[in-house]
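Hi everyone, thanks for making time. I'd like to walk you through a structure that may be new to you, so please have a look at it with me.

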Amino acid sequence: MALLSTNSKKLALLIDPEEYSEKDYLNQKGKIADLFDVILVGGSSDSKKQIDPCVKSIKAHFEQPVYIFPGSHEQVSEAADGMLYLSLISGNNAQYLIGEHRKSALALKQMDLDIVPTGYVLVDGGKETSVQKVSQTLPLSQDDIETIVATSVAGELLGMKAIYLEAGSGAKIPVKKEIIREVKSKLDIPLIVGGGIRSSEEIKLAFENGANLVVIGTFIEENTSNINQLKK
Ligand code: 1GP
């Protein structure tokens with residue numbers, strides 16, 4: 001079954017391999033199984049060494065598909081089911097548009113991963129986030145809906161199979177509902193939304209406005225028992 005469709009409503013748990021504690025996540029195994037449809041592994045740091053053991057540990061204990069959310073070309077693991085093949089289309093840094101991809105493409109081509117070409121659109125989440133620092137690109141203002149929509153549609157026309165509206169890890173302000181709604185109304189590919197989402201209400205709002213996959217990382221990473229505050 002495909003990871004995403006234009007009418008799916010799935011929830012993803014994002015795990016940064018550098019912050020991963022098998023024990024902590026296993027303590028919440030039942031709740032994770034109940035709430036999350038997919039597990040993303042990756043981060044904006046260069047955690048080459050940790051990614052493979054982290055993916056293997058998750059695959060050993062959880063039933064959900066595991067997709068890599070790569071912060072760099074080094075974040076690759078054959079043990080995963082697939083990868084969001086992110087291209088940062090909102091910024092003018094060729095390294096994250098195509099440069100990192102060039103370094104891993106031949107190896108990836110040999111692997112049996114479900115590669116999902118994803119247009120990654122960074123919007124302002126009210127603070128400087130690590131993706132902004134690492135990519136050295138500026139986020140698009142959430143007041144400039146027109147540019148966010150145009151960027152997302154350009155991504156679709158370039159052949160991306162999904163658009164990821166990203167407010168950045170630990171964002172103060174998640175992607176606004178008006179933006180999700182407007183982008184969704186112009187897209188014929190699935191829409192992923194993440195960054196700063198910390199409650200069931202925010203998840204619901206993102207789904208109601210058209211998100212097909214909502215991603216949560218920091219809230220659970222801060223304390224895995226925070227998961228108990230989220231309702232299905
Ligand atoms: C970050 O969109 C993801 O790349 C998740 O963000 O860590 O703020 O949940 P949070």
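Let me start with a question: are Phe69 and Tyr164 buried or exposed? In this predicted model, both Phe69 and Tyr164 are buried. Their ring centres lie 5.6 Å apart with the planes at 40°, so this pair is tilted. Phe69 sits in the loop between β3 and β4, while Tyr164 belongs to strand β6, 95 residues apart.

Tyr164 also pairs with Tyr120, and here the arrangement is edge-to-face, with 5.2 Å from centre to centre and 90° between the planes. Tyr120 lies in strand β5, 44 residues from Tyr164. Tyr120 counts as buried because its relative accessibility is 7%. Through these ring pairs, Phe69, Tyr120 and Tyr164 form a cluster.

Now for the strands. Eight of them, running in order from β1 to β8, close into a barrel with parallel pairing. On average, neighbouring strands are turned by 30° against each other, direction ignored. As an example, β1 and β2 pair over four bridges, and Leu13 has Ile39 in β2 as its bridge partner.

Finally, the helices. In α7, the buried residues are Ile179, Ile180, Val183 and Lys184. They share one side of the helix because they cover an arc of only 125° around its axis. Those buried residues pack against α6, β6, β7 and α8. As for α8, this helix lies across β1 and β8, running at about 155° to β8.

Terms used: Residues numbered from 1 in each chain as written. Predicted model: local features only at pLDDT ≥ 70, side-chain atom pairs only at ≥ 80, totals over all residues. Heavy atoms only, no water. Buried < 20%, exposed > 50% of the residue type's maximum accessible area, 1.4 Å probe, protein only. Helix = DSSP H or I, 4+ residues; strand = E, 2+ residues; numbered from the N terminus. Arc of directions from axis to C-beta. Contact = heavy atoms within 4.5 Å. Pairing = 2+ DSSP bridges. Axes fitted to C-alpha atoms, helices over the stretch in contact; angles between N-to-C directions. Phe/Tyr/Trp six-rings, centres within 6.5 Å; stacked < 30°, edge-to-face > 60°.
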